[in-house]
Amino acid sequence: MKKQELLDALNEALRTEEAAISIYSKHFEAFSTRLDIDPKIIEQIQTKIAYLNTENQKHKNICIELIQKVKEKNQDDI
Amino acid sequence: MDKRKIQSSSFKILIICGIFAALIYLILRTILYFGGDHPIKEMILGLILLFCEIFVVIQGIGYLMELFSVSKIKNVQIPEEVRKSVLENPPAVTILIPSYKEPIEVIETTILACYNMNYPNKQIVLLDDTRYDLFENSNEAEEYKKNLQTICIRDKINLFRRKWRGAKAGIINDYLAHMRGESPPEMEFERYDEKGSSLQTKYIAIFDADQNPMPDFLDELVVKMEADPQIAFIQTPQYYTNFLNNKVAYTASMQQIIFFEYICEGKGAKESMFCCGTNVLFKTEALNDIKGFEEDSVTEDAATSVNLHEKGWKTAYDNKVSAFGDGPETLESYFNQQYRWALGNLGLFLTLIRKFFKNPKALSPAKWWEYALSTSHYLIGFVFIVFLLLPVIYLTFKIPGYFASVYIYALIFIPYFAIILGTFIWTLKKRNYPAKGLFLAQWLMMASFPVYIKATFNAFLGKKGKFITTPKGKNINKNFSFKMLWPQILFSGVAIWGLVWGISRIYFEQRTVGSYIANAFWCLYYALIILILFYFIDPKLSYKTPNFPPNDDQKKTDSTLQKEE
């Protein structure tokens with residue numbers, strides 16, 4: 001794989017997948033709060049969403065680091 | 001959503017009881033009206049009240065019948081070979097995002113959500129319907145245009161523009177024409193998606209610019225469409241999620257729930273579902289068969305559905321929330337949205353009446369019934385005014401419109417009202433929606449009566465109205481003006497006037513106290529309903545996103561991940 005191809009793929013992943021998670025979790029969080037169900041279940045849902053957001057942020061950071069590393073590589077074939 | 005929850009025999013019995021209670025109430029009310037000998041002015045008032053009650057009871061029966069249809073829904077098994085065929089050779093889908101001067105960040109989010117859909121054979125087209133000729137600042141117009149283009153290039157989304165006409169329906173029809181190889185005037189089609197080889201696709205999905213579909217939106221819908229070639233479209237629910245910090249959006253979202261949970265599911269069961277304009281998958285052939293969307297209505301979606309039903313196409317509803325969006329955030333934008341829906345639906349109601357007398361066989365009786373129920377719903381504005389004024393007239397001038405003693409009234413009204421209200425609350429509670437929200441939704445709708453009355457007049461006068469999108473983001477006008485609420489303030493004053501008269505009559509006259517109490521109660525009730533609008537003037541709600549600590553399982557996963565890193 002060429003360096004630029006990999007960089008494009010990583011940048012696209014960063015822009016689409018990582019950004020999308022926060023959109024979905026915003027909707028799910030709102031969805032869960034409106035339900036008239038056991039507050040414990042709502043809390044569980046929200047805990048999972050908060051966890052997903054944290055994980056997403058970590059993944060995003062890893063992706064940014066990876067992009068930086070690939071950029072710093074001198075070779076074109078990766 | 002567990003449909004079995006409302007499929008028990010006891011539920012069906014409850015619905016049947018509700019329908020009987022409503023019919024008995026109606027019969028007794030009619031007997032009471034015609035049974036007595038009253039002066040002409042009382043007869044006229046009584047007749048107006050009776051008509052209004054008939055309207056409300058019919059709407060109530062309609063709702064119960066939708067519930068009954070839902071209780072009979074059986075899961076349809078889709079043949080495995082259909083699934084396999086879609087998996088191996090997915091038919092092409094064009095995703096259309098019509099947009100009229102929507103904030104860039106709103107469009108970006110929607111494009112991103114569409115881009116992330118799992119479905120492999122799709123192409124996305126942004127239909128830019130913005131009136132650049134109406135921008136006050138030409139630099140601003142150019143900048144907006146350029147921003148849209150930049151997003152489309154970056155996300156590999158096709159961009160379609162043409163000479164403005166016909167609003168949302170117009171631009172979709174122009175794109176359909178473009179798909180057929182025609183060129184609408186001043187058409188610009190910028191193709192940035194290199195994957196989609198052909199413009200002609202079997203299906204078209206439509207999303208408003210503020211709707212975010214989930215990644216699996218198309219997967220099951222395409223399978224369902226492929227399983228039944230007679231289906232013209234499958235509608236899915238609209239679900240507002242911008243309500244955490246906003247009272248108006250919260251209440252509007254509860255109104256959506258009432259409609260999309262049972263009413264639409266019931267309509268879907270009878271193949272009478274009408275299109276709601278967004279979050280919908282169309283068969284291109286069906287749209288071409290009726291020459292595209294109806295452009296003469298501000299609710300082009302419902303009008304188009306009538307044309308499809310007339311041509312013998314089936315329509316369906318899939319009660320799975322697969323797209324989320326934003327609802328109105330201020331009273332002003334809520335009223336604008338309601339006005340547009342009311343005007344469009346009442347206009348369609350009148351068209352349907354004419355159509356019915358011309359050709360009663362154009363639609364099946366079930367479809368006539370469904371359309372009549374839905375499109376006439378917005379007459380509720382007039383009904384509200386009558387219900388408010390009658391007790392005031394009685395308490396002020398002692399002119400009755402309800403010809404019965406308070407005891408007979410209680411005997412026939414309370415059982416009917418209790419069953420209908422109980423069923424309504426109970427069924428929605430079954431699907432985990434809070435009663436408080438449902439009441440707020442109903443009250444806000446009733447307090448919007450001037451909007452519906454204005455729409456009724458304009459619909460009868462044949463005014464078409466303008467298609468105005470609900471403002472979002474920076475476009476929201478946050479300056480509230482009390483002028484907007486003058487009819488509500490006036491009529492709440494009238495109701496309070498009636499209440500004061502009622503209390504003074506109870507105190508001074510000490511005769512027929514029961515009927516004074518009942519009428520004063522209704523004055524108080526309607527005054528409170530109108531005054532609830534003041535709750536929405538400042539629509540902000542305080543909600544803080546909770547920051548929960550991860551549980552034990554998650555901590556373990558966390559540490560494992562860190563080790564791996």
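Modeller: Helix 1 of chain A passes helix 2 of chain A in a left-handed crossing, meaning that the near helix is turned anticlockwise from the far one by less than a right angle, clockwise being right-handed. Helices are DSSP runs of H or I with at least four residues, numbered from the N terminus. This is a predicted model, in which local features need pLDDT of at least 70 and side-chain atom pairs count only at pLDDT 80 or more, while totals for chains, interfaces and linings use all residues. Residues are numbered from 1 along each chain as its sequence is written, and chains are lettered from A and ligands numbered from 1 in the order in which they are written.

Biologist: At roughly what angle do the axes of helix 1 and helix 2 of chain A cross?

Modeller: Axes are lines fitted to C-alpha atoms, for helices over the stretch in contact, with angles from 0 to 180 degrees between N-to-C directions. Here the two axes come within 10 Å and cross at roughly 165°, which makes helix 1 of chain A roughly antiparallel to helix 2 of chain A, a term for angles over 145 degrees.

Biologist: How many residues of chain A are in contact with chain B?

Modeller: Two residues are in contact if their C-beta atoms, placed from the backbone, lie within 7 Å. By that rule, 20 residues of chain A are in contact with 22 residues of chain B, and helix 1 of chain A gives the largest share of chain A's side, 12 residues.

Biologist: Which residues does B:Leu281 contact?

Modeller: Leaving aside neighbours within four places in sequence, B:Leu281 is in contact with B:Tyr203, B:Ala205, B:Leu218, B:Leu221, B:Met225, B:Phe233 and B:Ile234.

Technical notes: Helices (H or I, at least four residues) and strands (E, at least two) are DSSP runs, numbered from the N terminus. Angles under 35 degrees count as roughly parallel, over 145 as roughly antiparallel, 65 to 115 as roughly perpendicular and the rest as oblique.
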